[in-house]
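Subject: Structure handover

Hello,

Please find the structure below, followed by notes on what was found in it.

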Amino acid sequence: SVSSVSSVSSASSVSSASSVSSVSSASSFCHLFRLNEFSFSADVDNINLFPLVTYIDKSRLHHKLQGFTAWQQQEQEQERDQTVSGDHGRPYSSHSAHPATPVSGSGGSSRTASASTAPAALSSVDIHNQRHAMGRIHAFLQAMTAKDLDARIEVSSYGFRFILLNPSQPFQQVLQEARSTVLVGGTMEPLEDMICELVGVEKAKEQLRRLRRFSCGHVVPPTNLEVVTLGCGPCKTELRFVYSQRSNPAMIKDLGMSLRNILNVVSGGIVVFFPSYAYEAQVYQSWAKSGLLQSIESKKKKLFRERSTSSSSNSDNNNNEDSFSSGAEEPPLLEQYSNAVRRDGGAILHCVVGGKLSEGINFSDELGRCVILVGLPYPNQNDPILREKLAQLGELTLDGQSGNLADRYCDNKCMKAVNQSIGRAIRHRNDYAAIVLVDSRWRSVERQRALPRWIRECLKPTDTFPQAFSSLARFFRSHSVPTS
């Protein structure tokens, strides 16, 4: 749903026009435009994009350019191989007959190279960019043919980005061209809302009648998964991480004390997911100032942190402290964490829902014996893209469903992020792990129903910290996990 073109030179001319919404700072800017507004501002409204896109499709221009750059790279590699070659120290160059010049080599030895140089070869990065540049431009032009109300163009100091707000039009082409359409995924629930987005409210009821559902359980037995809710800490402070309350020092302290106690029964890695980079930094600094951090790490559990690399000004998940890799001379963060788990018998990893480690990374076996989710990762309400999406959904409702689609959209987006994060731990049949959902809002039966069935069937709602702690202790004892 998102296509991007980076480093666009005409951004300055576009930024002066009136836009749907904008965010700006001293070092960056971000504007959202409707498609027609963008075309007028960029002075390309006189270009008919439809025949242009059709020409690129029929001529396969972008594929031909990719083939040409691949051939160009091969030619340059052959020229480099021929430049430094020959017998008895005399180089042979296909470009020059100039005398050879000694060049220092590895280990103090010297080799001979031609004094004249071949034309500067493109780097592998240049070749890669050339191969994919036309494909990106083609995708962007194709996206620009969407309906004006169905999409937005984000113009920022980093380039252009196409944001599709209504996917029903392109998906309709899939339905028309295919005899059958199969939707496969692990985080598609609630399915009714997803179908509504894909086909539109008007056709959703008809498509839902024709839809055949199939859902299977997880490969692991229920005895290998323990899921508990935690609504209050050891000091009986309610743990409710809504935005207006999450800075409460007592709540942050009780969260740290909960983690410190859980360390006593978990042997292996503990992965803690926070709703944003900013909040993770706030919690970490509070623990460090109060001495809780030293108490946690004293239990032979070194703490590692995922840091933001995002430059977006629209995200709450952004503290720009340092990169995902801990440094140029050090191994990447995940490697450091894995080594600590195996060396010390355990470690703690702070991650962010929606960050690099919440999707596509497996914390199998000892790397993720316990996953702790702090709060509920609702999307940032100040995000201009989210505001546009909610404005488009407006007061639309789906028959038989409570609440309008705009309200349900935020709930669904939150729960999809939750499901993607907490599913990182159980990765094969013999794996086992515990999941701790830290927030009093998990007491809601409606919220529990939004969890995947294989997690919901193992859920044990608890009212107090001793109940949750006892449940975790029994689970790890049953798997012969020694306590620290």
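Strand β6 (residues 151-156) is mostly covered, with six of its six residues buried. Please keep in mind that this is a predicted model. The cover extends to both faces of β6: A151, I153 and V155 are buried on one side, and R152, E154 and S156 on the other.

β6 pairs with strand β3 (residues 29-34) in the antiparallel sense, over five bridges. Within that pairing, L32 has E154 in β6 as its bridge partner. β6 is also joined to strand β7 (residues 159-164) by six bridges, and these two strands run antiparallel. There I153 stands opposite F162 in β7. With two residues between them, β6 and β7 form a hairpin.

**The chain as a whole**

The protein chain has 17 helices and 14 strands. Of its 484 residues, 42% are buried. Among contacts with a separation of 6 or more, 70% are between residues 24 or more positions apart.

**The seven-stranded sheet**

Seven strands make up an open sheet with parallel pairing, in the order β10-β11-β9-β12-β13-β8-β14. Its edge strands, β10 (302-305) and β14 (459-460), each pair on one side only. Inside the sheet, β9 and strand β11 (residues 346-352) run parallel and are joined by seven bridges. G268 has G346 in β11 as its bridge partner.

Two helices that lie across strands of this sheet can be described next. α10 lies across β9, β10, β11 and β12, and runs at about 150° to β10. α14 lies across β9, β12 and β13, and runs at about 160° to β12.

**Helices α13 and α14**

α14 (residues 405-422) also packs with helix α13 (residues 384-393), at an angle of about 140° and with the axes 8 Å apart. That angle makes α13 oblique to α14. The residues that meet are L386, K389, L390 and L393 from α13, and L405, A406, Y409 and C410 from α14. By class, this contact holds seven nonpolar residues, one charged residue and no polar ones.

**Helix α7**

The buried residues are L191, E192, D193, M194, I195, C196, L198 and V199. They pack against α6 (168-177), α8 (201-210) and α14. Just after α7 comes G200, which takes a positive phi of about 95°.

**Nonpolar cores**

Which residues touch the most other members of the largest nonpolar core? In this core of 37 residues they are W287 and I372. Several elements each supply at least two of its residues: β8 (225-230), α9 (249-262), β9 (268-274), α10 (277-290), α11 (292-297), β12 (370-374), β13 (433-438) and α17 (465-478).

Leaving aside residues up to four places away in sequence, W287 touches I252, L255, G256, L259, L292, L293, Q294, I296 and H350. Another core, of 35 residues, lies apart from the largest one, and its members include L225, F363, C414 and L459.

Regards

Key:
Residues are numbered from 1 along each chain as its sequence is written. This is a predicted model: local features need pLDDT of at least 70, side-chain atom pairs count only at pLDDT 80 or more; totals for chains, interfaces and linings use all residues. Side-chain values use heavy atoms; hydrogens and water are left out. Axes are lines fitted to C-alpha atoms, for helices over the stretch in contact, and angles run from 0 to 180 degrees between N-to-C directions. Helices (H or I, at least four residues) and strands (E, at least two) are DSSP runs, numbered from the N terminus. Angles under 35 degrees count as roughly parallel, over 145 as roughly antiparallel, 65 to 115 as roughly perpendicular and the rest as oblique. Contact means heavy atoms within 4.5 Å. Ala, Val, Leu, Ile, Met, Phe, Trp, Tyr, Cys and Pro count as nonpolar, Asp, Glu, Lys and Arg as charged, and the others, Gly among them, as polar. A nonpolar core is a set of buried Ala, Val, Leu, Ile, Met, Phe, Trp, Tyr and Cys residues joined through side-chain atoms within 4.5 Å. Buried means under 20% relative accessible area, exposed over 50%, partly exposed in between (1.4 Å probe, protein chains only). Two strands pair if DSSP finds at least two bridges between them.
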